[in-house]
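Please read the following report alongside the sequence and the structure. It goes from the whole chain to single residues.

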Amino acid sequence: MANDRKHDMEQALKRQREAFTASRPEPMSMRKDRIKRAIALLKDHGEDFAKTMAADFGNRSIQQSMLTDIASSVGAGKDALKNMDAWAKTDRRKVQFPLGLLGAKAEVRYEPKGVIGILSPWNFPVNLAFSPLMQVLAAGNRAMIKPSEFTERTSLLMSQLVEKYFTPDEVTVFTGGPDVAAAFSSLPFDHLVFTGSTPTGRRVMEAASANLVPVTLELGGKSPVFMGRSADFAKAGERIALGKMMNAGQICLSPDYMYVPEDKEGEAIEGVSQGVKNMYPTLLDNDDYASIVSDRHFERLNGLVEDAREKGAEVIEVNPGDEDFSNANQRKMPLNIIRNVNDDMKVMQEEIFGPVLPVMTYKNIDQAIDYVNDHDRPLGLYYFGQDKSEQEQVLSRTISGGVTTNDVIFHVSMEDLPFGGVGPSGMGSYHAIEGFREFSHARAVYHQPKIDIAKLGGFKPPYGKAVEKAIATMMK
């Protein structure tokens with residue numbers, strides 16, 4: 001079965017690459033037409049997608065899905081339409097003196113790479129396929145998408161709709177389990193985008209390396225929150241609660257743990273707890289609060305909490321409606337704030353990806369900075385506080401994919417900021433001009449004038465005084 005699918009994918013890739021080659025040079029109007037069709041697909045079927053995602057999760061707010069998956073992907077398409085002419089402009093570059101005077105010219109052209117593979121995850125199944133797709137199309141490429149098997153209904157709907165709005169040589173979708181994903185990763189694409197966990201990212205990169213396929217990896221990691229003493233703990237708590245409870249914490253940029261001043265720990269925890277209570281008076285029958293995507297993931301999260309408890313942590317369950325979760329058969333989990341954590345606990349070793357929030361304390365901010373620097377570089381980093389010099393200290397002494405100050409996650413929703421990780425949290429980025437260039441080949445072009453530059457520069461044998469003079473000039 002897997003071999004048949006692999007053959008189908010190889011044929012699809014061959015068809016797309018042949019169509020890509022035959023259509024060059026393709027006008028910008030064609031690229032724009034594809035983006036407009038992708039936007040139309042989302043606008044026409046946004047509600048269908050949102051309902052399907054709710055069915056896949058067990059419960060997921062229709063409004064949240066419209067916001068995080070549909071509207072945001074439409075936004076990425078509109079941003080590309082507005083800016084792609086400027087992004088695609090040829091860059092004039094300088095040539096060394098005196099070549100310019102003699103008529104030599106240099107430029108960089110941003111050209112499409114060809115066929116780009118997109119491996120998208122389950123947590124924002126539409127956004128994390130369509131948001132990169134908009135830029136892949138803007139750069140003039142074709143695309144093959146392999147969505148997650150965890151959101152099976154959404155993946156199937158995506159496959160059916162893409163077939164309606166695009167020809168198979170433009171965009172195509174392949175659904176299936178890990179065997180299909182593994183075969184997909186091993187195809188000789190011109191570029192491959194993967195969003196998911198760091199361990200899977202390693203396997204994807206390894207598979208891609210056999211064909212020297214360049215990769216963009218959007219991974220995760222433990223995104224820290226620095227709470228400065230100057231923070232407004234009530235306001236900060238609500239913002240952290242919003243970021244941690246949206247999609248039930250199943251967000252790669254979700255705040256993973258909080259680092260707070262020792263003497264403010266109670267205030268920080270109270271701020272987050274109160275934030276949860278303000279937004280979610282109840283959780284079980286509340287459509288605004290998402291379920292955990294699968295039984296396996298639900299058990300893993302509960303295991304993290306139990307492991308911490310057994311190793312001496314204090315678990316504070318934020319349960320605003322005082323509900324009984326033990327018999328609820330819907331994979332809903334209240335926020336578990338975890339105090340007195342240490343690095344022996346799994347909750348401090350793995351990316352959490354759910355409503356569990358460890359809290360660590362510092363005597364001075366340097367402790368928190370040193371801790372973050374001693375661990376893998378995170379995808380996001382958050383600082384709360386009004387102390388600008390402390391904020392600058394945190395930013396200039398740490399490294400992370402992106403940063404939001406006085407809130408969490410928001411940097412990803414800015415169209416004109418590149419989104420990506422660094423080190424174990426990923427490589428490469430998309431969004432903005434950086435995304436367009438990620439999916440383009442920067443092709444250097446040099447135009448030689450009529451004059452015999454090689455002779456003039458002394459580069460032609462037999463070597464003599466002219467070459468010595470050229471070397472002396474270059475070495476000055």
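How many helices and strands does the protein chain have? In this predicted model, the protein chain has 15 helices and 18 strands. The C-alpha atoms fill a box of roughly 85 × 55 × 40 Å along the principal axes. The chain has 476 residues, and 54% of them count as buried. Among contacts with a separation of 6 or more, 73% are between residues 24 or more positions apart.

Helix 2 covers residues 28-57 and has a kink of about 65 degrees, centred on His45. After helix 2 comes Gly58, with a positive phi near 100 degrees.

Helix 5 runs over residues 152-165, which makes 14 residues. From its first C-alpha to its last, helix 5 reaches 20 Å, close to the 20 Å expected at 1.5 Å a residue. An α-helix has 3.6 residues a turn, so residues three or four places apart point the same way. The buried residues of helix 5 include Thr154, Leu157, Met158, Leu161, Val162 and Tyr165; Ser155 and Ser159 are also buried. What do the buried residues of helix 5 pack against? They pack against helix 2, helix 4 (127-138), strand 4 and strand 5 (171-173).

Ile145 lies in strand 4, which covers residues 142-146. Is Ile145 buried or exposed? Ile145 counts as buried because its relative accessibility is 0%, and the cut-off for buried is under 20%. The side chain of Ser425 reaches the backbone oxygen of Val422 at 2.9 Å. Apart from neighbours within four places in sequence, Ser425 is in contact with Leu217, Glu218, Leu219, Gly220, Arg377, Pro378 and Leu379.

Glu111 belongs to strand 2, residues 105-112. Glu111 is buried because its relative accessible area is 10%. Which residue's side chain is joined to that of Glu111 by a polar contact of 2.9 Å? The partner is Arg443. Not counting residues up to four places away in sequence, Glu111 touches Arg24, Ser440, His441 and Arg443.

## Backbone angles

Most residues other than glycine have a negative phi, and most peptide bonds are trans. The table lists exceptions of both kinds.

| Site | Angle |
|---|---|
| Arg24 and Pro25, cis peptide bond | omega about -5 degrees |
| Phe97 and Pro98, cis peptide bond | omega about 0 degrees |
| Ala248, positive phi | phi near 55 degrees |
| Ala432, positive phi | phi about 60 degrees |

Pro25 is in the loop between helix 1 (2-23) and helix 2. Pro98 is in the loop between strand 1 (91-93) and strand 2. Arg24, the partner of Pro25 in its cis bond, is also one of the residues that Glu111 touches.

Ala248 sits in the loop between helix 8 and strand 9 (257-261), while Ala432 is part of helix 13 (residues 432-438). Ala248 is buried, with a relative accessible area of 0%. Ala432 also counts as buried, at 0% relative accessibility.

## Cavity and pocket

A search of the whole structure finds one cavity of 30 Å³ or more. The largest cavity holds about 40 Å³ of space. Which residues line the largest cavity? The lining consists of Ala76, Asp79, Ala80, Trp87, Ser131, Gln135, Glu415, His431 and Ala432. Helix 3 and helix 4 are the elements that give two or more residues to this lining. Helix 3 provides the largest share, four residues.

The second largest pocket has about 680 Å³ of space. Its lining has 28 residues, and those nearest the centre of the pocket are Thr68, Ser72, Ile409, Val412 and Ser413. Helix 3 (62-87), helix 4 and helix 8 (233-245) each supply at least two residues of the lining of this pocket. The largest share, six residues, again comes from helix 3.

Conventions: Residues numbered from 1 in each chain as written. Predicted model: local features only at pLDDT ≥ 70, side-chain atom pairs only at ≥ 80, totals over all residues. Heavy atoms only, no water. Bend = angle between axes of the 7 residues up to and from the residue. Buried < 20%, exposed > 50% of the residue type's maximum accessible area, 1.4 Å probe, protein only. Polar contact = N/O pair within 3.5 Å; in protein donor to acceptor, adjacent residues only side chain to side chain. Contact = heavy atoms within 4.5 Å. Expected span 1.5 Å × (residues − 1). 1 Å grid on protein atoms, 1.4 Å probe; cavity = no way out; pocket = protein on both sides within 12 Å on 5 of 7 lines; lining within 4 Å. Points joined across faces, edges and corners; volume = space filled by probe spheres on them.
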